[in-house]
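Student: I'd like a close look at one part of this protein, please. Could you walk me through it once we have the structure up?

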Amino acid sequence: MAPHLAWIGLGNMGRGMCKNLVEKGQLVHPLIISNRTLQRAHDLQSKFPSGKSTVAPNVAEAASRSDIIFTCLGDDAAIKETIDSITKIPRGIKGKLFVDCSTVHPDTTNALASTLISHGAEFVACPVFGAPAMADAGQLVCVLAGPGDSVRKVLSYCKGVISRANIDFSDQPHGKATLLKIIGNTFILNMVETLAEGHTIAEKSELGNDNLHQFIETMFPGPYTAYSGRLTSGDYCKREEPLFGVDLARKDARHALDLAKTHGARMRHVEVVDGHLEDVQRHSGKKGDIAGIYGAVRQESGLTFENQ
């Protein structure tokens with residue numbers, strides 16, 4: 001029998017992933033969608049063909065009606081609260097498969113696994129790499145960890161649907177997936193810091209941002225070029241809704257620094273990045289984006305936060 005799928009969490013990433021599940025997931029039943037702000041779920045449903053999705057009024061209802069439940073939430077507290085609520089549904093969750101795409105601390109992932117398995121459910125950790133535009137285009141990279149039999153039930157919804165590639169950690173501890181995700185995200189944080197510092201000195205030295213961007217396009221096509229464009233265009237300080245919100249970026253930085261401390265290491269670059277992210281929070285509040293690091297570096301170099 002074809003499984004009923006639910007998706008919980010409709011942030012920048014979740015909306016695009018839902019779209020691709022509906023369009024390319026070959027679902028037999030309508031995708032059940034749920035979000036803390038219910039209007040966002042109704043708004044997304046209105047963009048799908050009739051009969052392809054349905055809105056559940058709360059997460060417990062979404063889970064109770066589903067066999068496979070995807071979650072993609074902003075932080076550790078949100079996913080813990082959601083799973084705690086779901087484990088209390090009257091009919092229980094035995095036999096259901098939970099797939100968490102949230103970026104959280106590995107300890108949180110392992111705790112979720114323990115809770116769900118103790119209630120008779122299956123669990124796969126499935127954090128993703130990629131920006132919202134990649135989520136919308138189905139070009140993410142999924143990292144899957146957990147029992148191989150459970151992972152195999154999820155693969156048909158990953159590559160070719162929500163992702164362009166998978167990193168498969170089948171039969172490895174669930175927390176290995178989010179451990180890679182947290183370490184991997186420090187590469188993104190450090191990339192933006194490097195670009196911000198480079199563009200600041202390019203402006204102050206009169207090399208010019210256009211000349212530096214030309215070098216970046218030639219030597220580092222892909223994410224470096226994309227972020228360089230966001231900095232030079234002023235996109236980092238114009239957005240009403242951030243692509244990678246500063247609060248979430250700081251959460252990832254804190255997780256990385258905690259992991260480093262736990263294992264007797266130090267991530268000095270991440271310490272610098274976190275300081276600049278704190279500056280972005282002060283300047284932009286919840287509208288702040290990771291690319292706002294450029295504004296913070298500019299400010300400490302005697303320039304204005306905004307570049308135009």
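Student: Which exposed residues does the face of α9 turned away from its buried side carry?

Tutor: Happy to! Bear in mind that this is a predicted model. The face you ask about carries D210, Q214 and T218, which are exposed. To place that face, start from the other side of the helix. Helix α9 spans residues 209-219, and N209, L212, H213 and I216 are buried in it. These four lie on the same side of α9 because they cover an arc of only 100° around the axis. What do they pack against?

For context, here is how the interior looks elsewhere. In soluble globular proteins, nonpolar side chains tend to be buried together. The largest nonpolar core in this model has 33 residues, and W7, M17 and F70 have the most contacts inside it. Helix α1 gives the most to this core, with five residues. Not counting residues up to four places away in sequence, W7 touches a number of residues, including M17, L21, I33 and F70. Apart from that core lies another, of 28 residues, with A6, A62, I83 and L112 among them.

Conventions. Residues are numbered from 1 along each chain as its sequence is written. This is a predicted model: local features need pLDDT of at least 70, side-chain atom pairs count only at pLDDT 80 or more; totals for chains, interfaces and linings use all residues. Side-chain values use heavy atoms; hydrogens and water are left out. A nonpolar core is a set of buried Ala, Val, Leu, Ile, Met, Phe, Trp, Tyr and Cys residues joined through side-chain atoms within 4.5 Å. Buried means under 20% relative accessible area, exposed over 50%, partly exposed in between (1.4 Å probe, protein chains only). Helices (H or I, at least four residues) and strands (E, at least two) are DSSP runs, numbered from the N terminus. Contact means heavy atoms within 4.5 Å. The arc is that of the directions from the helix axis to the C-beta atoms.
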